[in-house]
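Visitor: I have a structure open on my screen and would like to learn how to read it. Could you take me through a few features?

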Amino acid sequence: MIDIKLIRENRDLVKENIKKKFQDHKLPLVDEIYELDIKYREAKQEGDNLRAEKNNKSALIGNLMREGKKEEANKIKEEISLDGKRIEELNIKEEELANEIKKKMMVIPNIIDDSVPIGKDDTENVENERFGEPVVPDFEVPYHADIMENLCGLDKDSSGRTSGNGFYYLMGDVARIHSAMLSYARDYMIDHGFTYCIPPFMIRSDVVTGVMSFEEMDAMMYKIEGEDLFLIGTSEHSMIGKFKDQLLKRENLPYTLTSYSPCFRKEVGAHGIEERGVYRVHQFEKQEMVVICEPEDSMNWYNKMWKLTVDFFRSIDIPVRTLECCSGDLADLKVKSCDIEAWSPRQQKYFEVGSCSTLGDAQARRLGIRAKGENGNYYLHTLNNTVLATPRGLIAFLENNVNADGSVNIPVALRPYMGGIEIVKPKQK
RNA sequence: GGAGAAAUACCCAAGUCUGGUUGAAGGGACCGGUCUUGAAAACCGGGAGGUCGGCGACGGCGCGGGGGUUCGAAUCCCUCUUUCUCCGCCA
């Protein structure tokens, strides 16, 4: 959500930005909002004046009553009732206009950073940089589900019976690697100065609508029957919600948090849930990082944050690259975003394991996350980034560390979380 | 889950029974000063309070959220949320 002042003062900039995002159908909204805003301010001005008059008359009645001049007071009461109808009309008009403006403002995309490459959709995203050698081993790397099954580490038959498609039982060493990776990701972030946090895994509807649009909500969020509660799709939801309507102290900035949570997603949409494997599932676990900072610091944090994830993956021997999100593929709230993609030696291409975004003040404006400044309160900047989402991270790990015989090497960094073992071996079924 | 009590500005806190000069006492924090090598403490002095509209003068809204009664609501009524105390239940 952008500042409406931008539409009052610089409509061309807002329109130019919409064009850059190939959302030309939204262009008329800008002038519509501009006109509605003028009408709103007119109605407000008239209403304010009438209300001021009414307040004065009411105060007068108070004085007259105290002096015992009841008749004069009654006369003024009648006068007030004359304006009452118009005030009521204006109240309704103001509210309608304000709602209409807000509704339209919600779909105006945030102003993207100058550095964002212009492109229509995800096919035009731009590779920024590669980290580590994308190795193709001289044996065929099996499909991740097969690597897991070879280690007796995946049971989707049972999860199908208990929960349906999109769920999984991770077993034995594979389950342990999964947990080890998360524990390592947690400690990695703590070592980098972030505050560890376990948030609520369910949130109320007002928090949900604060962090996403209704369409996204329908496509992602599981609702708890009979309660005003939703299972979180990512801990970002509860982590940003934590700061909703808060006036933060400048001396406490920046907030650098790393949160763990399970994540639940309906995955209604183009791709849906695949039959085999655990790449796209209804339930996964994630270590996330969230930063709330001064506006002028957000670009620095953005760059620090994606580098943290890159270094994390490199420390467990997974080659990665960063893929800059082009203008058309960038979600409306975001100023700039990049995906962290891990190398898949099986597919011999990179695939998404995380994404790092700065939202500027858009999310903060929507949710009321502010700090007290010398010249009034102001909106802060919010950023989020994946440290590790797994089983997707687990897939990357297994493919890059599997040997020809199906055994999997445990990198030094993970060994403390795996009881010191250096390799896990296939089991007899 | 049951029974009570509460929610006031950045923080603490009066006002609510008995509706009307209450944008809302008093503190703290904040700013200026005295004292001090410096700081703290103490004392003296000070303006401003959130948000929206307006070039401004001003004005609207605003006492947890929403609704109602009234000419007028922090104050009365309904409702929701949260917190505290007690009881019950339970990893």
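This is a predicted model: local features need pLDDT of at least 70, side-chain atom pairs count only at pLDDT 80 or more; totals for chains, interfaces and linings use all residues.

Visitor: Into which domains is chain A divided?

Guide: Chain A splits into domain 1, residues 4–107, and domain 2, residues 122–424. Their C-alpha centres are 43 Å apart.

Visitor: How many residues of domain 1 are in contact with domain 2?

Guide: Four residues of domain 1 are in contact with four of domain 2. On the domain 1 side, two of these are nonpolar, two are charged and none is polar.

Visitor: Now the RNA. Which residues come nearest to RNA strand B?

Guide: A residue is taken as near the strand if its C-beta atom lies within 6 Å of it. There are 17 residues around RNA strand B, and Asp48, Ala52, Ile61, Gly62 and Asn377 come nearest. By class, this surface has six charged, six polar and five nonpolar residues.

Visitor: Which element gives the most to that surface?

Guide: That is α3, with 12 residues. Helix α4 (70–107) and strand β15 (376–379) each supply at least two.

Visitor: And how should I read a strand such as β11? Which strands pair with β11?

Guide: In general, side chains along a regular strand alternate between the two faces of the sheet. Here, β11 runs antiparallel to β1, joined by five bridges, and Arg130 stands opposite Arg321. β11 also pairs with β12 in the antiparallel sense, again over five bridges, with Val320 opposite Ala342.

Visitor: Is β11 mostly covered or uncovered?

Guide: Mostly covered: four of the five residues of β11 are buried.

Key: Residues are numbered from 1 along each chain as its sequence is written. Chains are lettered from A and ligands numbered from 1 in the order in which they are written. Ala, Val, Leu, Ile, Met, Phe, Trp, Tyr, Cys and Pro count as nonpolar, Asp, Glu, Lys and Arg as charged, and the others, Gly among them, as polar. Domain bounds come from an automatic or database domain assignment. Two residues are in contact if their C-beta atoms, placed from the backbone, lie within 7 Å. A residue is buried if 20 or more other C-beta atoms lie within 10 Å of its own, exposed if 12 or fewer, and partly exposed in between; C-beta atoms are placed from the backbone. Two strands pair if DSSP finds at least two bridges between them.
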